[in-house]
Amino acid sequence: KTVSDLGLLEALGFDLPSVQTNLRVDLPNEEKFMLPMHQDYASMRSHKAVRIWLPLRSVDKNNGTMTVVPGSNNEGPLEHNTNDAKPFVAPQHYERYQREVLSLEGGTGIIFDMLLLHETVMNRSDQIKFVHIITIQDLAHLANPDDPDDLIGRYFHVHKKRTEARDAVRAAS
């Protein structure tokens with residue numbers, strides 16, 4: 001069977017899917033929630049995980065969007081610099097790839113592997129940006145944070161370091 005003959009989750013080979021949704025809201029010129037180049041370490045808990053990024057209004061380099069690095073997910077889980085409250089992947093991991101700033105009409109979106117490198121592009125318009133984010137993970141393939149050889153399991157610890165860094169920034173202010 002081909003992907004077109006199957007449902008998305010069946011085509012991806014998911015055995016026990018878990019679906020989470022949230023709404024990302026970016027105010028015009030708001031910098032607080034900008035994210036540097038990263039993989040989705042903070043919410044990835046499974047070796048099989050995809051994200052659906054569905055802007056409800058048109059997005060582009062002016063209206064706020066994201067830059068993606070097509071093919072970077074083939075590198076597998078990458079080390080994130082955790083010295084900052086916003087962990088990031090160093091450029092040497094993706095500089096050989098082309099980057100693409102997404103331009104999408106409202107109501108259209110992309111489905112991507114949560115290992116795909118991506119970063120936020122600021123909303124410089126005068127409208128609020130709304131993006132529906134749907135995360136689907138296969139609970140039958142959970143990562144093991146206690147196994148040092150489980151690369152996805154290490155992301156549990158990156159998330160913890162990010163939380164500690166954010167708490168330190170809050171305490172200092």
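Which residue forms a salt bridge with Asp-26, the closest N and O atoms being 2.9 Å apart? The partner is Lys-129. A salt bridge here is a side-chain nitrogen of Lys or Arg within 4 Å of a carboxyl oxygen of Asp or Glu. Asp-26 sits in strand β1 (residues 17–26) and Lys-129 in strand β7 (residues 129–138), so the pair ties together parts that are 103 residues apart in sequence.

The model is predicted: local features need pLDDT of at least 70, side-chain atom pairs count only at pLDDT 80 or more, and totals for chains, interfaces and linings use all residues. Residues are numbered from 1 along each chain as its sequence is written, and side-chain values use heavy atoms, with hydrogens and water left out.

Now the overall fold. The chain has two helices and seven strands. Read from the N terminus, the order is α-β-β-β-β-β-β-β-α. The radius of gyration is 17 Å, close to the 16 Å that the globule rule gives for 173 residues, so the chain is as compact as a globular protein of that length. That radius is taken over C-alpha atoms, and the rule is 2.2 Å times the number of residues to the power 0.38. Helices (H or I, at least four residues) and strands (E, at least two) are DSSP runs, numbered from the N terminus. Along its principal axes, the C-alpha trace spans about 45 × 40 × 30 Å.

Next, the packing. Of the contacts with a separation of 6 or more, 88% join residues 24 or more positions apart. Contact means heavy atoms within 4.5 Å. Buried residues make up 38% of the 173. Buried means under 20% relative accessible area, with a 1.4 Å probe and protein chains only.

Back to the charges. The chain carries 19 positive and 24 negative side chains. Lys and Arg count as positive, Asp and Glu as negative; His and the chain ends are not counted. The salt bridges number four.

Asp-26 has another partner. Arg-24 forms a salt bridge with Asp-26, with the closest N and O atoms 2.8 Å apart.

Note on methods: Buried means under 20% relative accessible area, exposed over 50%, partly exposed in between (1.4 Å probe, protein chains only). The place of a charge is taken as NZ of Lys, CZ of Arg, CG of Asp or CD of Glu.
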